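Please look at the sequence and the model below before turning to the notes.

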Amino acid sequence: MALINVAAREIHCKIVYYGPGMCGKTTNLRYIHSQVPKEVKGDLLSIATETERTLFFDFLPLDLGKVRGFQTRFHLYTVPGQVLYERTRVAVLNGADGVVFVADSNKSKMQENVNSLKELAQNITRQNKRFAEFPIVMQYNKRDLPKEVLAPVQTMDHFLGVTRMHWPRVEAVATVGTGVFETLRAISRAVISKL
Amino acid sequence: MDPQLTSIIVPTEELRHIEECLVRLVEDTGSDYALLLDKSGQVISSQGDGDRQDITALGALIAGVFASSREVAKLLRERDFRASFQQGVRENIFIALIEEQWILCIIFNKGTHIGLVKVLTKKATDELASVLERVRQQHKARDEVLGSSFRTSMEDTIDLLFRD
Ligand SMILES: Nc1nc2c(ncn2[C@@H]2O[C@H](COP(=O)(O)OP(=O)(O)OP(=O)(O)O)[C@@H](O)[C@H]2O)c(=O)[nH]1
Ligand SMILES: [Mg+2]
């Protein structure tokens, strides 16, 4: 639910990166933070364990400047992907306007992807939102994996129900930034189309 | 459209009510700071001394902490979890929920008694709840506020800033 502050002429949108553990959510935010112009980004805030796994969330505020007189802000979050942190994900997802689902392209991670997506659907529904209408963009990350372990795009589409749900889908290699901004553009568009 | 997906629009006159309410709360309790956040962590208004540079991060963290505390409460089968209190060496933080949508947060030091904060916060949350109620009631068309060309301009901005 975006917030439009008419007096201050501000619009805020919250975008959450969701997905199984180690799929590359934090890597997406780090890359965005490293690339956007200084005047657009705030500090990247990461609450992580000693081993760099997300414990609570990463948070990156982006200030898009004035659009038709409205100061527009996007707040990007990642959830902690480890199964253990299910309730923490519920907390971070609270009030989200859109979700980027980062799926791991490793064949052996397909079940984890599916479980995480199911959990997301449940959590969105619990917030009294219709999952089918909720802005979601799919990112197939780690497309640089060796052929032997790389899941074909069609297989992933099938397992994750992407074609049926009409979600935009982006192939990515977050470590080098491939597809990261395409994903961000897609979710931003999906979110503002619901404003 | 799904009502849960529509935006919350805070008009000028309601923001004034909110500001007055927060200023009064700060003055009457002798607190340092009062913040009104959306449950998504966005700052709607902040009142108190000093210009905080870290207000955006503070909003995100407080909303996150509060949402996690609620999940803890749920696991403990606590049905009515509407407030939380954190005690520090110098500063204390009292957080109260307004209708599952907004979060009121008061930051105060040893000079202020928590009892007073609780009582006056209750008054303030009632007041803010009626502001929220009015904000929800008004069905102002989005286009009326944003202008019909807003979306196109927004898309152009996104394409310009989020480039590879
Ligand atoms: N090969 C490859 N590795 C990647 C890619 N993206 C991320 N990684 C690696 O995957 C590991 C986990 O990345 P993170 O971004 O920390 O994963 P996360 O989703 O935030 O994980 P949690 O915080 O535990 O949920 C790191 O070692 C990254 O370098 C990619 O596109 N290709
Ligand atoms: Mg992470």
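This is a predicted model: local features need pLDDT of at least 70, side-chain atom pairs count only at pLDDT 80 or more; totals for chains, interfaces and linings use all residues.

In what order do the elements of chain A run from the N terminus on? The order is β-β-α-β-β-β-α-β-α-β-α-α-β-α.

**Chain A: overall form**

- The secondary structure of chain A consists of six helices and eight strands.
- The C-alpha trace of chain A extends over about 55 × 35 × 30 Å along its principal axes.
- Chain A has a radius of gyration of 16 Å, which agrees with a compact globule, because a globule with 195 residues would have a value near 16 Å.
- Of the 195 residues in chain A, 59% are buried.

**Ligand 1 and its surroundings**

- Ligand 1 is surrounded by 17 residues, and the closest are Lys25(A), Thr26(A), Thr27(A), Arg53(A) and Gly81(A).
- Sorted by class, the shell around ligand 1 contains eight polar, five nonpolar and four charged residues.
- Helix H1 of chain A, which covers residues 25-35, supplies the largest share of this shell, with three residues.
- Asp144(A) places a polar side-chain atom 2.8 Å from a nitrogen atom of ligand 1.
- The backbone of Ala174(A) also takes part, with an N or O atom that lies 3.0 Å from an oxygen atom of ligand 1.
- A polar backbone atom of Cys23(A) is found 3.3 Å from an oxygen atom of ligand 1.
- On its own, ligand 1 has 650 Å² of accessible area, and the protein covers 79% of that area.

**Cysteines**

- Cys23(A), whose backbone contact with ligand 1 is described above, has a relative accessible area of 0% and is therefore buried, since buried means under 20%.
- Cys13(A) has a relative accessibility of 1%, so this residue counts as buried by the cut-off of 20%.

**Chain B: overall form**

- Chain B contains five helices and six strands.
- Read from the N terminus on, the elements of chain B follow the order β-α-β-β-α-β-β-β-α-α-α.
- Along the principal axes of chain B, the C-alpha trace spans about 50 × 40 × 35 Å.
- Chain B has 164 residues, of which 48% count as buried.

**Chain B: selected residues**

- Thr112(B) lies in the loop that runs between strand E6 (102-109) and helix H3 (114-137) of chain B.
- Is Thr112(B) buried or exposed? Its relative accessibility is 8%, so Thr112(B) counts as buried.
- A polar atom of the Thr112(B) side chain is 3.2 Å from the backbone oxygen of Gly30(B).
- Glu19(B) belongs to helix H1 of chain B, which covers residues 12-29.
- With a relative accessible area of 29%, Glu19(B) is partly exposed, because this value falls between the cut-offs of 20% and 50%.
- How many residues apart in sequence are Glu19(B) and Ser45(B)? Glu19(B) and Ser45(B) are 26 residues apart in sequence, while their C-alpha atoms are 6.7 Å apart in space.

How values were computed. Residues are numbered from 1 along each chain as its sequence is written. Chains are lettered from A and ligands numbered from 1 in the order in which they are written. Side-chain values use heavy atoms; hydrogens and water are left out. Buried means under 20% relative accessible area, exposed over 50%, partly exposed in between (1.4 Å probe, protein chains only). A residue is near a molecule or strand if one of its heavy atoms lies within 4 Å of it. A polar contact is a pair of N or O atoms within 3.5 Å; within protein, one must be able to donate a hydrogen and the other to accept it, and residues adjacent in sequence count only if both atoms are side-chain atoms. Accessible areas come from the Shrake-Rupley method with a 1.4 Å probe; for residues, only the protein chains shown count as cover. Helices (H or I, at least four residues) and strands (E, at least two) are DSSP runs, numbered from the N terminus. Ala, Val, Leu, Ile, Met, Phe, Trp, Tyr, Cys and Pro count as nonpolar, Asp, Glu, Lys and Arg as charged, and the others, Gly among them, as polar. The radius of gyration is taken over C-alpha atoms; the globule rule is 2.2 Å times the number of residues to the power 0.38.
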